[in-house]
Amino acid sequence: MPHDTLLVSGLALMSSLPNTVNAKIEDLGWLQGSWSCPQFGGTFEEHWLPSSGGTMQGCGKLIVAGKTEFMEYMSIEPSEGGLTMWMLLGPPSKGEKEGVPFQLTSLTGRKAIFENPKNEFPSKMTYQLLPSGSVDCVIEGMQKGKDAIEKFPFKPMK
């Protein structure tokens, strides 16, 4: 099941990671689109709007047996350290939420790595556009004191 440990904050992130990536939001345009994959006993969807105004917005949800079981909201925005992805778990209408920042630490062609070493899980998220036109998303970090990894082999939605 998706993890609420993302809420372990990382506001000190901007000063903890070096600004090693000189990228513009348009460099992540390949992420735009609607993606889905089997996950957690259902289907996980992720939707990214086109970049505009220097930002990108995305959202995701897990659907199990016809019911939404989990939601997330993302934005990629310019920051002092370059580009930062902000993650917000759960529906904004239910309780106070706080976004967690993940700084873009690597952008090589169509592979982007976002990191927040102060966040337990995930602490690293990798998105990669494959030659097949699919997008792999891999999230990594620590869960219960052990290394953990989850893979989302997204295919384009029709």
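Two strands count as paired if DSSP finds at least two bridges between them. Strands are DSSP runs of E with at least two residues, helices are runs of H or I with at least four, and both are numbered from the N terminus.

**Ground rules.** I'm looking at a predicted model, where local features need pLDDT of at least 70, side-chain atom pairs count only at pLDDT 80 or more, and totals for chains, interfaces and linings use all residues. Residues are numbered from 1 along each chain as its sequence is written, and side-chain values use heavy atoms, with hydrogens and water left out.

**Strands 8 and 9.** I started with strand 8 and strand 9 (residues 135-143), which pair antiparallel over six bridges. In that pairing I found Gln 128 with Asp 136 of strand 9 as its bridge partner. The two strands make a hairpin with five residues between them, and Gly 133 in the turn has a positive phi of about 95°.

Next I checked strand 7 (residues 111-115), which runs antiparallel to strand 8 (residues 124-129) and is joined to it by five bridges. Here Ala 112 has Tyr 127 as its bridge partner.

**Strands 4 and 5.** I counted eight bridges between strand 4 (residues 67-79) and strand 5 (residues 82-89), again antiparallel. Ser 79 sits opposite Gly 82 of strand 5.

**Zooming out.** The ten strands close into a barrel in the order 1-2-3-4-5-6-7-8-9-10, with antiparallel pairing.

**Burial.** Of the 158 residues, 42% are buried (under 20% relative accessible area, 1.4 Å probe, protein chains only).

Conventions. Buried < 20%, exposed > 50% of the residue type's maximum accessible area, 1.4 Å probe, protein only.
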